[in-house]
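I opened the notebook to record what I looked up, entry by entry, with the cut-offs written beside each term.

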Amino acid sequence: MEAFDEPDEQAQATREAMEEAGLPISAVWIRYFSFTGTAGEYEIDAYLNGSMALPAHERDLVAHAVNELIKELPPRRMAPYSKNGTKPSQERGPSQEDKAF
Amino acid sequence: MDNLPLANEFAALTGQMAGGFLTEENASKAVQSLAYVLKDSVPNSAGAGASLINGRGRRESAGATDPVVLQADKLQYELGQGPCLSAWAEQRAVIIGDTRQETRWPEWTAAVADLPLRSVLSAPLTTEGRRIGALKVYSPFPQAFDAHSVFLIERLAAPAAIVLGNARDREAMQRLSSQLVEALAKRDMISRAEGVLIERMSITSREAFTVMLSASREEDKPLHAVAREIVSGMTNQ
């Protein structure tokens with residue numbers, strides 16, 4: 001995850017991440033609220049749509065709420081392998097294993 | 001506390017909660033009364049009732065006057081086709097003059113061939129633009145419904161939709177309030193962890209949050225889990 005110095009870009013990238021993951025504003029707000037966020041749902045909606053500025057601290061709480069919700073989504077479906085040959089996990093050591101996402 | 005914007009959310013919540021919502025049970029009884037009126041308006045009809053339908057797969061009967069209504073409804077839900085599902089999806093009244101001649105829902109009409117019903121009338125249940133289901137009446141005789149039946153079912157659909165829509169709001173509100181209780185518990189835990197860090201590390205409130213957010217990101221743990229560990233003294237932050 002990149003760091004954004006431009007508040008507008010952070011808002012836009014946060015909104016795009018929500019849209020890609022299909023996260024509703026209500027779910028993001030309630031998670032942000034549980035992080036001690038002090039803006040209301042309406043203000044968060046306005047921030048994400050570029051019509052209201054939020055302090056950097058509140059912006060990062062929104063970003064963290066979105067990221068936690070994305071990590072909680074069910075993993076994407078993977079393609080199955082045939083029974084021929086070896087399983088990919090036997091071909092390489094655990095040190096080479098990919099991160100979970 | 002700088003919590004003014006939140007006052008809007010809580011005012012809306014408490015306002016809605018104080019609004020006197022119907023229970024599901026009371027809503028079903030009220031709709032069943034309307035279903036009896038509908039049933040009695042058609043001579044020798046087999047029964048009437050409502051279906052609660054939504055785009056996320058909810059298919060339920062409410063206020064049915066007779067078991068045959070539940071049987072015919074259940075077949076619609078299982079087969080994913082039928083006059084009530086079409087009335088809901090197309091937002092208009094649907095008439096089947098004779099199930100033995102009908103061709104629009106072949107699987108459903110075949111499945112109900114053994115039930116004592118030959119004609120069907122169904123109208124959408126809509127309140128404030130929300131499609132919540134369909135009202136229907138079944139008859140054991142073909143061609144049981146006319147233009148007056150359509151007029152009547154549409155008049156009865158309006159109050160049925162309001163009653164059922166109201167009960168549905170109440171369910172959504174209960175879900176929301178349980179989410180809020182959970183969020184408040186997490187919020188409390190995070191505030192307590194913030195206080196622990198401020199005291200333990202002699203740092204500011206913002207710095208305490210930076211510590212917690214970094215730990216959450218680096219350890220790939222939810223923020224409230226990081227906070228819980230700090231409060232219970234499991235970390236040496």
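Entry 1, conventions. I am working from a predicted model, in which local features need pLDDT of at least 70 and side-chain atom pairs count only at pLDDT 80 or more, while totals for chains, interfaces and linings use all residues. Residues are numbered from 1 along each chain as its sequence is written, and chains are lettered from A in the order in which they are written.

I looked up helix 1 (residues 7–21) and helix 4 (residues 56–72) of chain A, whose axes come within 10 Å and cross at roughly 20°; axes are lines fitted to C-alpha atoms over the stretch in contact, with angles from 0 to 180 degrees between N-to-C directions, and helices are DSSP runs of H or I with at least four residues. Helix 1 and helix 4 of chain A are therefore roughly parallel, a term for angles under 35 degrees. Among the helix 1 residues that meet helix 4 in chain A are A:Thr14 and A:Met18, and the helix 4 side includes A:Val62 and A:Ile70, contact being C-beta atoms, placed from the backbone, within 7 Å.

I found 19 residues of chain B in contact with 15 residues of chain A. Helix 6 of chain B gives the most to chain B's side, with six residues.

I noted eight helices and five strands in chain B, strands being DSSP runs of E with at least two residues.

Technical notes. Parallel < 35°, antiparallel > 145°, perpendicular 65-115°, else oblique. Contact = placed C-beta atoms within 7 Å.
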